[in-house]
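Here is a set of questions and answers for a student who is learning to read a protein structure step by step. Please look at the sequence and the structure first, and then follow each answer back to the residues it names.

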Amino acid sequence: MEQGKLFVLSGPSGAGKGTICKEIVRREKIGLSVSMTTRAPRGEEKHGKSYYFVSEEEFQKNIDEGGFLEYAKIYGHSYGTPKKLVLGQLSKGKDIILEIEMQGAFQVKNVYPEGILIFVLPPSLAELRKRLIARGTEDEEDILIRQQATLNEIALIHDYDYYVINDELEQAVDKVRSIIKAEHSKVDKNVDRLIRKYEEEL
Ligand code: 5GP
């Protein structure tokens, strides 16, 4: 069976990759990987839907057992992508999307080079600043640190396959959908199956 494709939406925090990801999952036939985290649930978040909320011990146990495709620590909390679930779905031919931060995205590329990395950019640092202020979780100093961090992260874009500027949500979502479509017409190892199909006709 043809292997599904793994899309990784990543990029600086505040660029809006979460919102884009939600829209993609709503409109495309693609599975969303639910991550494991040690942070506490916020608001309406549900276990098994937003995240698998686990203890530090449980998270560590998963690391020890090699259960993560990738994992990272972000602002004091651990986040990881359950390996078995993702690889299982891909082997059944299902496309999967991950919405993760950048350290994790690079790990995915290392262990699963066929993964397609999409970098989501904020339209500008000023806009990023506006979004962070609106979120209300950071003070002025934090915001400046974030902006510098964003600049450093943008410099890593060369290791990605695609980029999408999240200026207008609809357009950004369309762009990601086009990338998914294009990747399905890409000449990769799946074309061997296509060649065989033509051979069998003779
Ligand atoms: P939040 O705590 O706001 O839900 O997420 C914080 C950050 O963690 C976001 O940038 C999100 O993309 C990232 N994240 C969520 N799940 C994972 C994961 O499984 N692995 C990695 N590396 N990052 C994740």
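Ala, Val, Leu, Ile, Met, Phe, Trp, Tyr, Cys and Pro count here as nonpolar, Asp, Glu, Lys and Arg as charged, and the others, Gly among them, as polar. The model is a predicted one.

Q: Into which classes do the residues lining the second largest pocket divide, and how many are charged?
A: The second largest pocket holds about 290 Å³ of space, and its lining is made of 17 residues, with K5, E114, I116, E183 and D188 lying nearest the centre. Asp, Glu, Lys and Arg count as charged, so K5, E114, E183 and D188 belong to that class, while Ile counts as nonpolar. Over the lining of this pocket, five residues are nonpolar and four are polar, and the number of charged residues is eight.

Q: Which residues lie nearest the centre of the largest pocket?
A: About 1600 Å³ of space lies in the largest pocket, and at least two lining residues come from each of α1, β5 (68-74), β6 (77-82), β7 (96-99), α4 (102-111) and α6 (140-154). By class, this lining has 16 nonpolar, 16 polar and 14 charged residues. The lining has 46 residues, and those nearest the centre of the pocket are K17, R39, R42, Y51 and E99.

Q: Which element gives the largest share of the largest nonpolar core?
A: The largest nonpolar core has 17 residues, and F7, L9, I20, I24, I97, I118 and V176 touch the most other members. Two or more residues of this core come from each of β1 (6-10), α1 (17-27), β8 (116-121) and α7 (169-183). The largest share is five residues, and the element that gives it is α7.

Q: Is I24 buried or exposed?
A: I24 lies in helix α1, and its contacts beyond four places in sequence are with I30, I97, V173, V176, R177 and I180. Buried means under 20% relative accessible area. The value for I24 is 0%, so this residue counts as buried.

Q: How far apart in space are I24 and L87, C-alpha to C-alpha?
A: Separation along the chain and separation in space are two separate questions. Along the sequence, I24 and L87 are 63 residues apart. From C-alpha to C-alpha, the distance between I24 and L87 is 20 Å.

Q: Is S35 buried or exposed?
A: S35 is found in the loop between β2 (31-32) and β3 (36-37). Leaving out residues up to four places away in sequence, S35 touches Y51, Y52, G80, T81 and P82. Its relative accessible area is 11%, which is under the 20% cut-off, and therefore S35 is buried.

Q: How are E23 and R26 placed along helix α1, and by about how many helical turns are they separated?
A: Side chains of opposite charge can pair when their charged atoms come close. The side chains of E23 and R26 meet in a salt bridge of 2.9 Å, N to O, although E23 is buried at 16% relative accessibility and R26 is exposed at 62%. Because E23 and R26 are three residues apart in helix α1, their separation is about one helical turn.

Terms used: Residues numbered from 1 in each chain as written. Predicted model: local features only at pLDDT ≥ 70, side-chain atom pairs only at ≥ 80, totals over all residues. Heavy atoms only, no water. Core = buried A, V, L, I, M, F, W, Y, C linked by side-chain atoms within 4.5 Å. Buried < 20%, exposed > 50% of the residue type's maximum accessible area, 1.4 Å probe, protein only. Helix = DSSP H or I, 4+ residues; strand = E, 2+ residues; numbered from the N terminus. 1 Å grid on protein atoms, 1.4 Å probe; cavity = no way out; pocket = protein on both sides within 12 Å on 5 of 7 lines; lining within 4 Å. Points joined across faces, edges and corners; volume = space filled by probe spheres on them. Salt bridge = Lys/Arg side-chain N within 4 Å of Asp/Glu carboxyl O. Contact = heavy atoms within 4.5 Å.
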